[in-house]
Amino acid sequence: MPAHAPDPAPDPVPDPTPAPAAESVGDPGPLARERGHLAASRTALRSMREEVQALNIKDVAANWVNARVLEAQIENRIKELADLSHTPLFFGRLDYAHTAQEGQRFYIGRRHVHDAHGDPMVVDWRAPVSQPFYRASRKDPLHIGLRRRFGYTGGELTAYEDEHLTDPTERDHTSKLLQAEIERPRVGPMRDIVATIQPEQDEIVRSGLNGTVCVQGGPGTGKTAVGLHRVAYLLYAHRERLARTGTLVIGPNRSFLHYIEQVLPALGELEVKQATVDDLVNHVEVRGADEAPVAVLKGDARMAEVLRRAIRAQVTLPTEPLVVVRGSRRWRVPAYELEEMVRELLDRDIRYGAARDALPQRIAHSVLVRMEEAGEAPDDRVQDAVARNPAVKAVVKSVWPPVEPAKLVLRLLSDEAFLAAHADGVLSPDEQRTIRWPKPWRSVKSARWSAADAVLIDEATDLVRRTHSLGHVVLDEAQDLSPMQYRAVGRRCTTGSATVLGDLAQGTTPWATGSWREALAHLGKPDAVVEELTAGFRVPREVIAYASRLLPHMSPGLTEVSSVRESPGSLEVREVPDGLDAAVVAACEESLRREGSIGLIAADSRVPALADALSAVGLGHLDPGSETTAESRLTLVPASLAKGLEYDYVVLDDPATLVAAEPDERTGLRRLYVALTRAVSGLTVVHQEPLPAQLG
């Protein structure tokens, strides 16, 4: 697999398409020809964009609403066709052989580009014809004669590398361009991996829309990138369906979402929404926080049954008959018949609000039957009028009163008798005391709601009115969710599918899931396929091996990540007898002499002191989620926000302090595992306290 520098010798393998006569004499070389194709493709893309910009919709739009919709679509299309100078237009080439496509050549890139005749100059990486770029091998070449990868520097094509997959004399080699792209310094937000997707990742990316996929992946296996590229693929393959039903990416926090927010736009997808679980359940202002045992109980799936009972208990059976007056006639519905209607609706177990809406229509239908028996001929308008009759409305309000979810949860957490009545046999008396507020709040507005309370309100809201379901949901860092949070996410994709991403070893909440099967059951997707990624492409082998010493003590049974990156000297452990802050700052200064981003990770309680120490020597720093630049490359990261982020070099402050800050040892070790595995090129551990024994 020879790698070619800027001025390589002519390609020894003839092109599968006949070369123009001009290339037979004074051939400028393959690299020059590829640069020419890049320039021509950029020109074609510019023409495509100008063609859209020149569209006149005045004679097409029937009204101002249609005009606004068309304008928005045109604006989005123009954005999709933007030529980003720092982003290569294509990154690979496939030359087919031994098929009906023999002699055809396709350039693979982030978006489709065609010439003035409609012929493709660049093929979208998601197209079926592009798939062999990721999956073809010498063992199974998939009819590919040549696979070429391109290397770029600052947007300029500077090198290429060939694999002749059907040539038995060519030996397997690690792709230097592929390795260089994986190891390229991280400055700025997360970037796409479209040029480096591996075969096992591509299988997940291209899996169908109708099934839910769960990806268990250790640090550096690319699970987040795989999930985002899967979204891009599904939007390409099922654009109309997902345009109607919607797509959502759910992340653990705002810093993480800010870090990944540029990946999909770089792939031409601009309409995917992002949110945290807290955003989804934002029914009340969260101003309080629960102790860990309280939060664990509130997040227990049994709370769903407590809420269901409490809501159904609002219904009372009628004991009096109903009399409806219409003109000079009086129509009587006996109490037993009203009771039958109420019991039937309860037995159907439909949403509380839907049943409440159905009850007046049931009553009105009963009245209409009596009218018809009396010789009248009422129609649908009469039935609607009866349903709105004051006497009917009064019965409905009495029997099936409206429920405000937040008020119901407020009462459950405040009223000992009310909670006991509906938690009997579900929660023990001790558990009921644990979740009940020690001091009841007077109103929804004055209550200091916690994040777990908001999830309970979301559950109650769904019991009253069905939550809108989307076509596809991506849930990242899913291992940290409680059963009730899984239910909240699952409600957003009841009629759609999901991509669930996470690593059980990185579960750092007291309620973190113990198994994906359990989590998927709470999500409402028990039949989801669980895939495991074990090849690491980000974290150096020395670093991941060091971090993996913790696995037997916190997540026994999980497969250790096998890193493909050899980087001798990537791990350094420094013990200092005193002056920890100064030693950490010195390590940051050393890291800043190298190229790329630097993350200083510390226990949350240590962040203020380290911020002061950095400022004292004139070292500015960013907050997590802020975009690094060539001028600002150092980020001070509280350990609680480190998950999902990555930096070229990481300085880790005092691991023992980080572990001790968590409520239990398992959570502390998992938090440490996360912190140890954020480095792409090098990790420096600086400690004053003895290292945790589990690190050896």
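Me: Why is serine 555 called buried in this model?
Reply: The model is a predicted one. Serine 555 has a relative accessible area of 5%, and buried means under 20%, so serine 555 is called buried.

Me: Where is serine 555, and which residues is it in contact with beyond its neighbours in sequence?
Reply: Serine 555 is in the loop between α24 (551-554) and β17 (562-563). Leaving aside neighbours within four places in sequence, serine 555 is in contact with Leu504, Ala505 and Arg670.

Me: What makes up the largest nonpolar core?
Reply: This core has 81 residues. Those with the most contacts inside it are Leu359, Ile363, Val386, Trp400, Trp449 and Val489. Helix α14 (residues 352-373) gives the most to this core, namely 8 residues. Apart from this core lies another, of 77 residues, including Ala136, Leu228, Val543 and Met554.

Me: Which residues does isoleucine 363 touch, not counting those up to four places away in sequence?
Reply: Isoleucine 363 touches Leu322, Leu338, Met341, Val392, Val395 and Val396. Contact means heavy atoms within 4.5 Å, so each of these residues has a heavy atom within 4.5 Å of one in isoleucine 363.

Me: How much space lies in the second largest pocket, and which residues are closest to its centre?
Reply: About 1000 Å³ of space lies in this pocket. Its lining consists of 38 residues, and Asp278, Ala451, Gln485, Thr509 and Trp511 are the closest to its centre. Two or more lining residues come from each of α10 (277-280), α11 (292-298), α20 (451-464) and α21 (483-491).

Me: What classes of residue does the lining of the second largest pocket have?
Reply: The lining has 16 nonpolar, 11 polar and 11 charged residues.

Methods
Residues are numbered from 1 along each chain as its sequence is written. This is a predicted model: local features need pLDDT of at least 70, side-chain atom pairs count only at pLDDT 80 or more; totals for chains, interfaces and linings use all residues. Side-chain values use heavy atoms; hydrogens and water are left out. Helices (H or I, at least four residues) and strands (E, at least two) are DSSP runs, numbered from the N terminus. Buried means under 20% relative accessible area, exposed over 50%, partly exposed in between (1.4 Å probe, protein chains only). On a 1 Å grid over the protein atoms alone, a cavity is a set of points where a 1.4 Å probe fits but cannot get out, and a pocket is an open set with protein on both sides within 12 Å along at least five of seven lines; lining residues have an atom within 4 Å of a point. Grid points are joined across faces, edges and corners, and a volume is the space filled by probe spheres set on the points. Ala, Val, Leu, Ile, Met, Phe, Trp, Tyr, Cys and Pro count as nonpolar, Asp, Glu, Lys and Arg as charged, and the others, Gly among them, as polar. A nonpolar core is a set of buried Ala, Val, Leu, Ile, Met, Phe, Trp, Tyr and Cys residues joined through side-chain atoms within 4.5 Å.
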